[in-house]
Amino acid sequence: MKKSKMAYGYVRFSLIGTECEKFISEAISRGIKIFDAENEEGVFYAKTLPKNYFALATLKRKYYVQMRIAEKR
C-alpha cells in the first residue's frame, strides 16, 4: 500500500486581506483545524494539516483574502 506524501506534517500559510479574522472564524466553525495563528504587522500566519489546506483554498474564494504557502513540513 502506497502512503500519500500529504498524510503527515503541516503547512504554514499566510493570509493577507481585509477579512482574515472572518475567514479564520469560518474555517474553525466548519471543523478545519488551524493552530499557531499569529498576526505580524497585518499579515496572519497559521498552520494546518495538508488535507485541510485544500479545504481552506476553496473557502478563501468567499472572502477578500490572499492565501500563500509559507512553509511545508
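Here is a short walk through this predicted model, one selection at a time.

**Stop one: helix α1.** Start by selecting residues 20–29, which make up helix α1. Now colour Cys 20, Phe 23, Ile 24, Glu 26 and Ala 27: these are the buried residues of the helix. Look down the axis of α1 and you'll see them fall within an arc of 165°, so they line one face of the helix. An α-helix has 3.6 residues a turn, so residues three or four places apart point the same way.

What do the buried residues of α1 pack against? Show β1 (11–17), β2 (34–40), β3 (43–48), α2 (50–59) and β4, and you have their partners.

**Stop two: the core.** The largest nonpolar core has 17 residues. Select Phe 13, Leu 15, Phe 23, Ile 34, Leu 56 and Met 67, the ones touching the most other members. At least two core residues come from each of β1, α1, β3, α2 and β4, and α1 gives the most, with four.

Zoom in on Leu 15. Leaving out residues up to four places away in sequence, Leu 15 touches several residues, including Cys 20, Phe 23, Ile 24, Val 43, Val 65 and Met 67.

**Stop three: Ala 70.** Go to strand β4, residues 65–72, and pick Ala 70. Is Ala 70 buried, partly exposed or exposed? Its relative accessibility is 42%, so Ala 70 counts as partly exposed. Beyond its neighbours within four places in sequence, Ala 70 contacts Arg 12, Phe 13 and Tyr 45. Finally, draw a C-alpha to C-alpha line from Ala 70 to Val 11: they sit 59 residues apart in sequence but 7.6 Å apart in space.

Technical notes: Residues are numbered from 1 along each chain as its sequence is written. This is a predicted model: local features need pLDDT of at least 70, side-chain atom pairs count only at pLDDT 80 or more; totals for chains, interfaces and linings use all residues. Side-chain values use heavy atoms; hydrogens and water are left out. Buried means under 20% relative accessible area, exposed over 50%, partly exposed in between (1.4 Å probe, protein chains only). Contact means heavy atoms within 4.5 Å. The arc is that of the directions from the helix axis to the C-beta atoms. A nonpolar core is a set of buried Ala, Val, Leu, Ile, Met, Phe, Trp, Tyr and Cys residues joined through side-chain atoms within 4.5 Å.
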